[in-house]
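The sequence and structure come first.

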Amino acid sequence: MTDRINLGDGESVSQDSELDIDVIDALLPCRRFVVKYRVAELGSVALVSEFMLRLVHTVEGISEREAGEYFGFADSEVAYVIDDVVALGFVERRNGTLWLTLAGRELFKPGDDMPQIFEMEIRTERHAFDLISLAPVEFTNLTTFDAVLPELKVLPEKAAAASKLVPNAFRRHFDTLVRRVNKVPLRQSLCSVDSVTPLDRYAAIVPIRIKAKATVPGVVEPDVSDLWDGYDLDDRPEIVQATTELLKTAKMFGSDLDNVLFQCLSDVAPEVTADYTKGRSFRREAFFRDTARRAGELRRDRQTTPIVGSLWTDGNMARIQRALDYAMESRKPEDGVPPILWHVPTRPLWGTSRRLPQLLRHFETTCGSWADVDPGFSVAFVHDRPPRHIDRAFGAVLQSRAVARSLNHLEILLLPGLVAAVLVHASLVVGEAYPVQLGFISFNESLLSRTSQLLSDLVMPFQVTRSSVDEGILRSKLEISFGS
């Protein structure tokens with residue numbers, strides 16, 4: 001009789017709580033501009049000149065002699081101070097008496113005897129704005145992987161008219177672009193934007209968490225709070241809408257063929273699925289609800305846990321790390337460095353996350369930490385021509401025959417002898433919806449063996465599309481990994 005896997009004693013999750021079911025990254029179209037503008041900055045005069053202005057403001061028509069006596073100045077000293085404020089255009093002499101000019105009166109706000117003295121300055125600076133919401137954005141360098149991530153759509157007419165729209169955007173975000181940078185928020189005032197010259201276009205990265213409620217798995221919402229929150233997020237509603245439109249491109253219809261996928265999952269991991277399998281049917285909604293409510297954790301005596309969501313979510317990445325830590329405890333140098341084998345599901349947006357190359361590098365570093373001459377390598381098994389981000393992330397790309405078995409929506413991660421994860425990508429509602437991933441992570445020897453057999457059935461004999469290592473060496477290592 002097959003042992004059943006308890007969901008674990010992880011943290012309980014409320015039914016109404018949101019959970020991450022996926023993490024992706026998207027490119028945000030941006031452009032740099034040269035902005036020429038005028039700013040009035042609160043300045044200052046000599047302290048004695050300021051006191052002289054305040055005196056004349058309080059007692060207009062005061063004589064030069066009385067002003068000197070008030071401050072206790074000699075005739076030459078008071079003449080020097082008066083000459084200064086007269087030269088600035090704030091005070092004028094009339095028959096030996098002192099009066100504020102119109103410019104001098106404008107220095108004093110009603111009810112305030114402190115003069116507000118401003119200096120006009122013309123500045124020319126470079127600033128970057130995204131082309132969707134026309135909000136400020138920082139320049140970041142992209143890797144070759146980043147450069148082929150999906151791009152958020154921008155209206156062509158808005159991109160074409162960006163130079164005309166930037167002046168208003170600059171005024172709206174003046175605090176962020178100038179005042180906060182200079183750390184003098186109350187001393188500068190924008191007077192005019194004189195010209196805007198477009199420079200180069202580029203793209204910035206927007207990390208997107210895809211969230212759903214345990215009670216409504218078919219309705220997902222994008223969350224960009226890793227990059228913006230509060231007022232910054234309020235300034236970018238168009239970007240949030242663009243991320244929503246991007247997620248629509250990844251929707252899938254539920255299909256009777258999904259039963260084939262879940263039957264395959266049950267065959268590989270009956271310990272995980274026993275409570276949800278009856279005959280040839282699988283209670284996917286119940287599996288989702290139960291797993292979402294109780295986040296199982298891996299331990300030495302609990303080597304397998306069911307999971308919901310992609311392997312890029314924070315919780316599942318932590319589970320993979322824990323499984324790998326436990327599995328590496330018994331690893332020996334003579335075991336060699338296992339390849340990283342990933343059966344890629346045919347689903348839009350899969351793997352469009354910078355966490356994919358990060359995870360691959362982490363696997364290679366961890367598994368090869370004691371190997372000097374036998375570096376690890378990563379292999380993606382795809383069903384057709386690989387998407388560009390897959391081709392750039394993996395060291396080799398081979399063909400899968402999963403389509404012939406209606407298993408092309410099956411994801412398999414296998415580090416032979418160490419860790420395995422199997423996930424079904426399917427809609428949990430009637431009609432079209434963003435797919436939810438259901439499956440398991442394990443470092444159990446029996447599940448590793450069954451996962452290896454399943455993957456072998458889907459990809460052997462090997463058909464190499466591209467490899468960064470010698471094809472003969474690649475085939476030899478893969479055959480060893482599959483025990484053939």
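## A polar contact at Asp200

A polar contact is here a pair of N or O atoms within 3.5 Å; within protein, one atom must be able to donate a hydrogen and the other to accept it, and residues adjacent in sequence count only if both atoms are side-chain atoms. By that criterion the side chain of Asp200 makes a polar contact with the side chain of Arg32, at 2.6 Å. The model is predicted, and local features need pLDDT of at least 70, side-chain atom pairs count only at pLDDT 80 or more, while totals for chains, interfaces and linings use all residues. Residues are numbered from 1 along each chain as its sequence is written, and side-chain values use heavy atoms, with hydrogens and water left out.

Asp200 lies in strand β5, residues 188-213, where helices (H or I, at least four residues) and strands (E, at least two) are DSSP runs numbered from the N terminus. Not counting residues up to four places away in sequence, Asp200 touches Arg31 and Arg32, a contact meaning heavy atoms within 4.5 Å. Asp200 and Phe33 are 167 residues apart in sequence, and their C-alpha atoms are 7.9 Å apart in space. With a relative accessible area of 33%, Asp200 is partly exposed, a class that falls between buried (under 20% relative accessible area) and exposed (over 50%), using a 1.4 Å probe and protein chains only.

## Overall composition

The secondary structure of the protein comes to 17 helices and 18 strands, and buried residues make up 50% of its 484 residues. Among contacts between residues at least 6 apart in sequence, 75% join residues at least 24 apart. The protein exposes about 23400 Å², of which carbon and sulfur atoms supply 50%; accessible areas come from the Shrake-Rupley method with a 1.4 Å probe, and for residues only the protein chains shown count as cover.

## The eight-stranded sheet

An open sheet of eight strands has the order β10-β17-β15-β14-β11-β12-β13-β18, with mixed pairing; two strands pair if DSSP finds at least two bridges between them. Strands β10 (304-308) and β18 (464-467) stand at the edges, each with a single partner strand, so one side of each is left without a neighbour in the sheet. Neighbouring strands of this sheet are turned by 15° against each other on average, direction ignored, with axes being lines fitted to C-alpha atoms, for helices over the stretch in contact, and angles running from 0 to 180 degrees between N-to-C directions.

Within this sheet, β11 (residues 340-343) pairs with β12 in the parallel sense over four bridges, and Trp342 stands opposite Ala380 in β12. Four bridges likewise join β12 to the parallel strand β13, residues 396-399, where Leu398 is the bridge partner of Phe381. Strand β13 in turn runs antiparallel to β18, to which three bridges join it, and Leu398 has Val464 of β18 as its bridge partner.

In β12 (residues 378-382), five of its five residues are buried. In a regular strand the side chains alternate between the two faces of the sheet. Helix α16 (residues 445-459) lies across β10, β11, β12, β13, β14, β15 and β17, running at about 120° to β14, while helix α17 (residues 471-481) lies across β11, β12, β13 and β18 at about 110° to β18.

## Ser442 in β17

Ser442 lies in strand β17, residues 436-442, and is buried, with a relative accessible area of 0%. The side chain of Ser442 reaches the backbone nitrogen of Asn444 at 2.9 Å. Not counting residues up to four places away in sequence, Ser442 touches several residues, among them Gln303, Thr304, Leu418 and Leu448.

## Local backbone features

A cis peptide bond, with omega about 0°, joins Met460 and Pro461, and Pro461 lies in the loop between α16 and β18. Leu134, although not a glycine, has a positive phi of about 55°; Leu134 is found in the loop between β4 (118-130) and α5 (156-160) and is buried at a relative accessible area of 6%. Leu349, also a residue other than glycine, has a positive phi near 75°, is found in the loop between β11 and α14 (355-367), and counts as buried at 11% relative accessibility.
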